[in-house]
Amino acid sequence: MKFVITIVLFLFLAGFGATQVLDISNFGGKPDTDITKAFSDAWTQACASPTPVKIVIPAGTYHMGATDVKGPCKAPVEVQVDGTIKAPENPDDLKDAYQWIKFQYLDSFTLSGSGIFDGHGATAWTQNDCHKNTKCSLHSMNFGFNFLNNSIIRDITTKDSKSFHVNVLGCNNFTFDGFKVSAPAESLNTDGIHIGRSFDIKIINSNIETGDDCISLGDGSKNITVQNVNCGPGHGISVGSLGKYENEEPVEGLFVKNCTLNNTDNGVRIKTWPNTPGQITISEMHFEDIIMVNVKNPIIIDQEYCPWNLCSKLNPSKIKISKVSFKNIRGTSATQEGVTLLCSSGVPCEGVEISDIDLQFNGSEATAKCQNVKPVTTGKVPICAA
C-alpha cells in the first residue's frame, strides 16, 4: 500500500512539472491578423491551469491592440514570441492605454523568444511637444511590467516605442537577459528601461539603442544591477530625474559594471531637480569598468537638472547624494569636461570616490569640474576644478 501511494505521488509531481504548450493558432491567431483576442483567450486558459503553460507565437507578422493580462496565475506561465507583433501606427488607436502591452500581478513569469514588439512610434514622435509643453500628453509605452516577482524577460526585442519602451513598477527579483531595445536617436522620450519602486532588478547582456535614457531609475529603486550592457545612441544610464514630487522614496544600491556607452549624450548620470519639494536620499551608487566612446558627458552628477529651461533654479535641490563611486572608466569624451560633479549647495554630496579615470578629448586628457563636493581620488584622475 505504501509503495502504491509513493508511485501515485511521484506521478502527480511529475505531471505538475510538465509544461503544456498552447499555440496561438489554436485560438484563431494567424499571421497577418489581429491577435489581441486570441492572445487574451490563450492567456485566460494558461493562467487558470494548475500546471505550467507556455503560450507560443510562431514566426510571422501579427497585429495587436492594447493588451492587459493579469494574474495571479495557478502555475508558472511562459510566453514565447518568435514572430513580429505590431502596434497600431496611429497613437489614437491605442486610446488612453498607458502601455501597449501590460503584464501584471504575476509570479514566475517568462517572456522569451527571438520575437520583436514593434511599437510603430514614428507618428507619435512627431506629435511629442514635451520639450516646450510641461503639460504634454504622453503616448503609449511598449511594455508595462507591473508587480511581477521571480520573473525574466529573455532575448525579446522592443522596437520603435511611441514613448518609453519598458516601465518596471513594483517588481521583485526580475531579470532582463539578452534584451534588445531598438529605436533611432531622434525618437523623443523613449527611455529603454525605466524602473520604479522595485527591488532586485537585473539588466544583463543587453543592447539598448534609443532616443532617451537607455536605463533610468525612478524613486524607490533598490538593489539594481546593470552588467554587460551596450548603450547608444541614447542619453546614457541615469539615476533620476528625482526630487520633482513629494512622497518619493529613496533610491539605494545601484551597481553598473562592464558596460559600453557609444555616442550617447551622457554616460553614467545622477540627476535631481532644483527648487522642488522632493527631499529623499540617493546612496550606494557604484559605476565600474565602463568604456565611453565619444560620450558628451561621460561622468555627471547634475543637481541642477532643468531640461529645456522649463523650471526654476531659485532654490537648490533637497536630494542628498552619498556613497557614490566611479572606478576604471576610460575612453573618449565628446566634450572637454569629462567629469562633472555638480552637487547641491543645500545638501552637498558626501562619500564620492573617483579612481582610475582615463578619458580623452581630442587627444588630450579631459578635465573635471566639481561643485559642492570633495571627492576622494585614487589612481589616475583628472584634476577636479571648482
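Predicted model: local features only at pLDDT ≥ 70, side-chain atom pairs only at ≥ 80, totals over all residues.

User: Which residues lie nearest the centre of the largest pocket?

Analyst: The largest pocket has a volume of about 1,500 Å³. Its lining is made up of 48 residues. Nearest the centre are F164, N189, S241, W273 and Y305.

User: Which strand gives the most to the lining of the largest pocket?

Analyst: Several strands take part: β12 (166-169), β15 (193-196), β17 (215-217), β19 and β21 (268-272) each bring at least two residues to the lining. With 3 residues, the strand that gives the most is β19.

User: How many residues of the lining are nonpolar, polar and charged?

Analyst: Here the 48 lining residues of the largest pocket are sorted by class. The counts are 19 nonpolar, 17 polar and 12 charged.

User: Is H235 buried, partly exposed or exposed?

Analyst: The relative accessibility of H235 is 23%. Buried would require under 20% and exposed over 50%, so H235 counts as partly exposed.

User: Which residue has its backbone oxygen 3.3 Å from a polar side-chain atom of H235?

Analyst: Leaving aside neighbours within four places in sequence, H235 is in contact with G211, D212, D213, C214, D265, N266 and R269. The backbone oxygen lying 3.3 Å from a polar atom of the H235 side chain belongs to G211.

Methods. Residues numbered from 1 in each chain as written. Heavy atoms only, no water. Buried < 20%, exposed > 50% of the residue type's maximum accessible area, 1.4 Å probe, protein only. Contact = heavy atoms within 4.5 Å. Polar contact = N/O pair within 3.5 Å; in protein donor to acceptor, adjacent residues only side chain to side chain. 1 Å grid on protein atoms, 1.4 Å probe; cavity = no way out; pocket = protein on both sides within 12 Å on 5 of 7 lines; lining within 4 Å. Points joined across faces, edges and corners; volume = space filled by probe spheres on them. Helix = DSSP H or I, 4+ residues; strand = E, 2+ residues; numbered from the N terminus. Nonpolar A, V, L, I, M, F, W, Y, C, P; charged D, E, K, R; others polar.
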